[in-house]
Amino acid sequence: MAEIPAEEYLCTRIRRAEQALMGHHEAVLRGYGLTMTQYTVLLTLSREPDGLSGAQLARACGVTQQTMAPVLTGLQNKGLITRETSPVHAKVLIASLTDPGRSLLDRAYQEVIVLERALTQAFTPAEHSALCDLLERARDVLTEQTHRAAAHKETP
């Protein structure tokens with residue numbers, strides 16, 4: 001079997017696309033004093049009027065609870081979120097977006113969405129739909145392979 005050059009690997013192409021996407025978002029968000037994780041927290045909270053716990057936000061943002069804790073503290077210190085004790089569990093804090101947080105998110109979103117529109121316009125509707133389907137399938141394979149690799153490491 002002939003060796004495929006690394007630059008032609010699908011994983012390499014996916015990584016390059018992800019790096020370009022993150023680079024763009026980080027450059028835009030830096031102007032608002034936000035990291036990508038902070039932006040994702042604000043965006044997630046904007047869709048949850050009752051707020052979310054740190055654990056729920058960590059899952060939604062794809063980070064650990066240990067990573068999420070300082071992110072929430074930073075957002076709270078900036079006045080972008082509030083955290084109040086859950087009415088259900090006394091040891092759980094529920095984060096909610098503040099008016100200044102919503103305002104900052106709205107301004108940042110207006111710049112972030114420019115890239116989404118540019119990407120959408122780069123494809124025909126059929127190509128856009130096919131790309132979305134292909135990316136979902138790729139994500140499913142990546143997730144499955146990650147679970148297999150983790151399970152394989154757990155078996156002696």
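Me: In which helix is the place of R102, and how is a helix defined?
Reply: Helices are DSSP runs of H or I with at least four residues, strands are runs of E with at least two, and both are numbered from the N terminus. R102 has its place in helix α5. The model is predicted, so local features need pLDDT of at least 70 and side-chain atom pairs count only at pLDDT 80 or more, while totals for chains, interfaces and linings use all residues. Residues are numbered from 1 along each chain as its sequence is written, and side-chain values use heavy atoms, with hydrogens and water left out.

Me: Does R102 count as buried, partly exposed or exposed, and what is its relative accessibility?
Reply: The classes rest on relative accessible area: under 20% is buried, over 50% is exposed, and partly exposed is in between (1.4 Å probe, protein chains only). R102 has 36% relative accessibility, so R102 counts as partly exposed.

Me: How far is R102 from S46 in sequence and in space?
Reply: R102 and S46 are 56 residues apart in sequence, but their C-alpha atoms are 7.1 Å apart in space. T64 and L131 make another pair: 67 residues apart in sequence and 29 Å apart in space, C-alpha to C-alpha. T64 is in the loop between α3 (54–61) and α4 (65–77). With a relative accessible area of 41%, T64 is partly exposed.

Me: How many residues of helix α2 are buried?
Reply: Helix α2 spans residues 36–46 and is mostly covered, with eight of its eleven residues buried. Among the buried residues of α2 are M36, Y39, V41 and L42; Q38 and T44 are on the list too.

Me: How is a pocket found, and which residues lie nearest the centre of the largest pocket?
Reply: The search uses a 1 Å grid over the protein atoms alone; a pocket is an open set of points with protein on both sides within 12 Å along at least five of seven lines, and a lining residue has an atom within 4 Å of a point. The lining of the largest pocket has 36 residues, and A17, E18, L21, L119 and L135 lie nearest the centre. L135 is in helix α6 (residues 125–154), and its relative accessible area of 49% makes L135 partly exposed.

Me: Which helices each supply at least two residues of that lining?
Reply: Helices α1 (10–30), α2, α5 (99–121) and α6 each supply at least two residues of the lining of the largest pocket.

Me: What is a salt bridge, and how many does the count come to?
Reply: A salt bridge is a side-chain nitrogen of Lys or Arg within 4 Å of a carboxyl oxygen of Asp or Glu. The count comes to three salt bridges. E136 bridges to R139, with the closest N and O atoms 2.8 Å apart. Both of these residues are in helix α6, three residues apart, about one turn of the helix. R139 also meets D140 in a salt bridge, at 2.8 Å from N to O. E144 and R148 form another, with the closest N and O atoms 2.8 Å apart. Because E144 and R148 are four residues apart in helix α6, about one helical turn separates them.

Me: Which residues do salt bridges with shared partners join into one network?
Reply: E136, R139 and D140 are joined into one network. E136 is partly exposed, at a relative accessible area of 42%, and R139 counts as partly exposed at 43%. D140 is partly exposed as well, at 42%.

How values were computed: On a 1 Å grid over the protein atoms alone, a cavity is a set of points where a 1.4 Å probe fits but cannot get out, and a pocket is an open set with protein on both sides within 12 Å along at least five of seven lines; lining residues have an atom within 4 Å of a point.
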